[in-house]
Amino acid sequence: MELESYVRALPKAELHLHIEGTLEPEMMFALARRNGVALPWASVEAVRAAYAFADLQSFLDLYYAGAAVLVREEDFFELALAYFARAHADGVVHAELFFDPQTHTARGVALETVLDGLERACVEARARWGIGARLILCFLRHLDEEAGFATLQQALPHLSRIDGVGLDSSEHGHPPSKFARLFARCRELGLHVVAHAGEEGPPAYIVEALDVLKAERIDHGVRCTEDPALVERLARAQVPLTVCPLSNVKLCVFPDLASHNLGQLLAAGLKVTINSDDPAYFGGYVAKNYIDTARALGLGRAELRRIARNSLEASFVSAAERAPWL
Ligand code: ES4
Ligand code: ZN
């Protein structure tokens with residue numbers, strides 16, 4: 001069987017996916033027109049041409065500008081349903097979606113509007129394709145902890161619809177410990193906890209995510225290899241890493257896929273998963289991340305099966321729920 005069809009047929013979970021990062025330029029323009037939002041680009045081609053990033057911040061500036069077209073409940077519904085259709089085609093049987101409420105509430109869009117649209121898409125994805133989905137509310141780490149508490153307050157009436165919390169946005173200068181009290185409160189509320197760490201930030205941020213925030217998974221985490229004691233700890237505790245290879249290349253964390261350390265992480269016995277992060281911006285959905293990485297690093301089918309199995313085991317579904325796919 002061809003590699004492409006083999007990868008698409010592997011049942012897999014996607015655990016690192018920002019739903020705002022699935023906004024394709026065509027939908028960005030359609031929603032801008034529908035909602036009367038002005039965009040800083042003249043055409044779909046001009047937006048695509050702007051997708052040449054030097055680092056995380058240069059991407060985030062564009063990503064937040066694009067997200068401004070998301071206003072109404074149906075915008076969030078259509079965005080997420082389009083993602084689920086692509087995910088289904090890629091063999092995704094379960095997806096845990098990040099969303100950034102502060103990006104929307106800052107523009108006067110209520111958290112409830114965002115959640116209503118996303119949840120309706122999750123229900124539809126289950127009915128149409130049998131995909132299981134969960135929602136993870138991400139706090140923006142470039143904002144302060146008070147702003148995070150205000151967002152949590154708005155989320156309180158909707159906690160039954162939210163599975164966990166995460167931490168994203170600009171990593172440099174915003175260590176996980178900045179959010180120690182907020183995440184302690186989230187844990188008391190029974191929410192799962194994950195955090196972006198070690199994408200651009202140092203290995204010490206991964207240690208803080210584990211020790212201070214008590215993160216159950218580390219999003220990215222690729223810079224752990226700079227600290228051998230940390231690698232040993234991550235291997236021993238089998239802490240899942242949600243690695244996003246195409247994202248890492250687009251944001252210049254690695255110069256190219258052949259230089260990516262995913263093979264090294266696997267060889268060290270870490271619980272590695274492959275994910276797409278912001279696929280509309282980084283050049284590929286999850287299957288393309290598997291395929292291009294396999295080609296660049298010479299991963300065999302046993303390794304691809306291991307990675308897909310890891311993704312299901314690292315998800316928030318129970319062992320009984322994931323048993324049919326393993
Ligand atoms: C993100 Cl790649 C990445 N890193 C941190 N925060 C983000 N938000 C959306 N994509
Ligand atoms: Zn991310």
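Me: Which residue does UniProt list for "binding site" here?
Reply: Asp278, according to the unreviewed UniProt entry. UniProt positions use the numbering used here, feature names are shortened, and annotations may be inferred rather than shown by experiment. This is a predicted model, where local features need pLDDT of at least 70 and side-chain atom pairs count only at pLDDT 80 or more, while totals for chains, interfaces and linings use all residues. Residues are numbered from 1 along each chain as its sequence is written, and chains are lettered from A and ligands numbered from 1 in the order in which they are written.

Me: Where is Asp278 found?
Reply: In the loop between strand S8 (271-274) and helix H14 (279-282). Helices (H or I, at least four residues) and strands (E, at least two) are DSSP runs, numbered from the N terminus.

Me: Why does Asp278 count as buried?
Reply: Because Asp278 has 25 C-beta neighbours inside 10 Å. Buried means 20 or more other C-beta atoms within 10 Å of a residue's own, exposed means 12 or fewer, and partly exposed is in between, with C-beta atoms placed from the backbone.

Me: What does Asp278 touch?
Reply: Leaving out residues up to four places away in sequence, His18, Gly21, Tyr63 and Ser247. Contact is C-beta atoms, placed from the backbone, within 7 Å.

Me: And which residues surround ligand 1?
Reply: Asp278 again, with others including His18, Gly21, Tyr63, Ser247, Asp168, His196 and Glu199. Near here means a C-beta atom, placed from the backbone, within 6 Å of the molecule. The shell divides into 2 nonpolar, 5 polar and 4 charged residues. Ala, Val, Leu, Ile, Met, Phe, Trp, Tyr, Cys and Pro count as nonpolar, Asp, Glu, Lys and Arg as charged, and the others, Gly among them, as polar.

Me: New topic: at what angle do H5 and H7 cross?
Reply: Roughly 35 degrees, with the axes of H5 (residues 73-89) and H7 (residues 111-129) coming within 7 Å. Axes are lines fitted to C-alpha atoms, for helices over the stretch in contact, and angles run from 0 to 180 degrees between N-to-C directions.

Me: What residues meet there?
Reply: Among them, Phe76, Phe77, Leu81 and Phe84 in H5, and Val114, Leu118, Ala121 and Trp129 in H7. By class, that contact has 10 nonpolar, 3 polar and 6 charged residues.

Me: What about the phi of Gln238?
Reply: Positive, about 50 degrees, although Gln238 is not a glycine. Gln238 sits in the loop between H11 (228-237) and S7 (240-243), and counts as exposed because it has 12 C-beta neighbours inside 10 Å.

Notes:
Contact = placed C-beta atoms within 7 Å.
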